[in-house]
Amino acid sequence: MAQLGSGKASRLRTAALYDAPAHLCCADKTAVFHPTARVYTQGLEKERINVGAYTHIRGELTLFGHGGRITLGEYCYVGEQTRIWSAKEISIGNRVLISHMCTIMDNLTHPIDPAERHQQFRDMITTGHPRELDLDEQPVFIEDDALISCHCVVLRGVRIGRGAVIGAGSVVTRDIPPMVIAAGNPARVIRDIKPAETAS
């Protein structure tokens with residue numbers, strides 16, 4: 001009997017781990033938050049983070065204290081140690097796969113001015129993320145069926161087109177057109193994706 005109870009408790013703990021971040025955002029009931037998933041809203045409304053059907057999250061979704069919005073479509077994947085940080089808007093379409101250890105941000109994360117940067121840090125360690133801050137926020141859009149390989153960085157103000165593939169270790173600083181392979185730092189188009197490489 002004790003063993004049965006222990007097994008039930010273990011299953012409940014596992015379920016709690018998987019479900020824990022879900023209450024902090026608006027997630028479809030079929031979305032899965034794995035044990036490594038983290039959601040940080042800084043006290044903002046949970047409606048600012050939306051996760052679509054059958055999407056799996058292993059990484060981190062973070063809003064800044066002065067704003068932000070993150071949308072993930074259906075059948076997306078966010079790998080372990082990937083961080084999506086928004087102070088304005090990050091919109092990710094359907095069937096987008098984002099590998100492990102990527103960073104996607106729509107802002108500078110810290111002010112350029114040293115005094116302002118120090119004040120932001122002091123606020124963060126004493127009272128939390130500041131509610132008023134200018135980080136030159138610019139929205140990020142990742143369109144349907146894109147693939148972001150491991151160790152990529154996607155910076156503010158870019159659009160990655162439908163079906164594009166971003167090679168491992170790339171830094172995306174400008175728009176990437178649909179149906180191409182791009183790689184490098186800064187990421188540049190290497191070639192088009194050939195019709196023979198797609199199912200349609």
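Tutor: A salt bridge here is a side-chain nitrogen of Lys or Arg within 4 Å of a carboxyl oxygen of Asp or Glu. Keep in mind that this is a predicted model. With that cut-off, Arg95, Asp144 and Asp145 are linked in a network of salt bridges.

Take the Arg95 and Asp144 link. Their side chains meet at 3.9 Å, N to O. The cut-off is 4 Å. This pair joins distant parts of the chain, 49 residues apart. Arg95 sits in the loop between β10 (90-92) and β11 (97-98). Asp144 sits in the loop between β13 (140-142) and β14. Is Arg95 buried or exposed, or in between? Its relative accessibility is 40%, so Arg95 counts as partly exposed. Asp144 has a relative accessible area of 27% and is partly exposed as well.

Now the strands beside those loops. β11 and β14 belong to an open sheet of 8 strands. The order is β2-β5-β8-β11-β14-β17-β19-β20, with mixed pairing. β2 (32-33) and β20 (188-192) are the edge strands, each pairing on one side only. Strand β14 (residues 147-148) pairs with strand β17 (residues 165-166) in the parallel sense, over 2 bridges. There, Leu147 stands opposite Val165 in β17.

Back to charges. The whole structure holds 7 salt bridges. Another of them joins Arg83 and Glu60, with the closest N and O atoms 3.5 Å apart. This pair also links distant parts of the chain: Arg83 is in strand β9, Glu60 in strand β6, 23 residues apart. Glu60 has 13% relative accessibility, which is under 20%, so Glu60 counts as buried. Arg83, at 35%, is partly exposed. A further salt bridge joins Arg48 and Glu45, at 2.7 Å between the closest N and O atoms. Glu45 is partly exposed, at 44%.

Next, the rings. A search of the whole structure finds 2 aromatic pairs. Tyr54 and Tyr75 are stacked: 4.9 Å centre to centre, 15° between the planes. Tyr54 lies in the loop between β4 and β5, and Tyr75 in the loop between β7 (70-72) and β8 (77-78), 21 residues apart. Phe64 and Trp85 have ring centres 6.4 Å apart and planes at 70°, so that pair is edge-to-face. Phe64 is in the loop between β6 (60-63) and β7, and Trp85 is in strand β9 (residues 83-86), so the pair ties together parts 21 residues apart in sequence. Arg83 and Glu60 also bring β9 and β6 into a pairing of side chains.

Phe64 is buried, at 4%. Trp85 is partly exposed, at 26%. Tyr54 is partly exposed, at 42%. Tyr75, at 48%, counts as partly exposed too.

Leaving out residues up to four places away in sequence, Tyr54 touches Thr30, Ala31, Tyr75 and Cys76. Its C-alpha atom is 9.0 Å from that of Gly73, 19 residues along the chain.

Phe121, Met124 and Ile125 make a nonpolar surface patch of about 290 Å². Phe121 lies in helix α2 (residues 114-126). Its relative accessibility is 47%, so Phe121 counts as partly exposed.

How values were computed: Residues are numbered from 1 along each chain as its sequence is written. This is a predicted model: local features need pLDDT of at least 70, side-chain atom pairs count only at pLDDT 80 or more; totals for chains, interfaces and linings use all residues. Side-chain values use heavy atoms; hydrogens and water are left out. Buried means under 20% relative accessible area, exposed over 50%, partly exposed in between (1.4 Å probe, protein chains only). Contact means heavy atoms within 4.5 Å. Patches are made of residues with over 30% relative accessible area and no salt bridge: like charges are joined within 9 Å, nonpolar side chains (Val, Leu, Ile, Met, Phe, Trp, Tyr) within 5 Å. Accessible areas come from the Shrake-Rupley method with a 1.4 Å probe; for residues, only the protein chains shown count as cover. Helices (H or I, at least four residues) and strands (E, at least two) are DSSP runs, numbered from the N terminus. Rings of Phe, Tyr and Trp (its six-membered ring) pair if their centres lie within 6.5 Å; planes under 30 degrees apart count as stacked, over 60 as edge-to-face and the rest as tilted. Two strands pair if DSSP finds at least two bridges between them.
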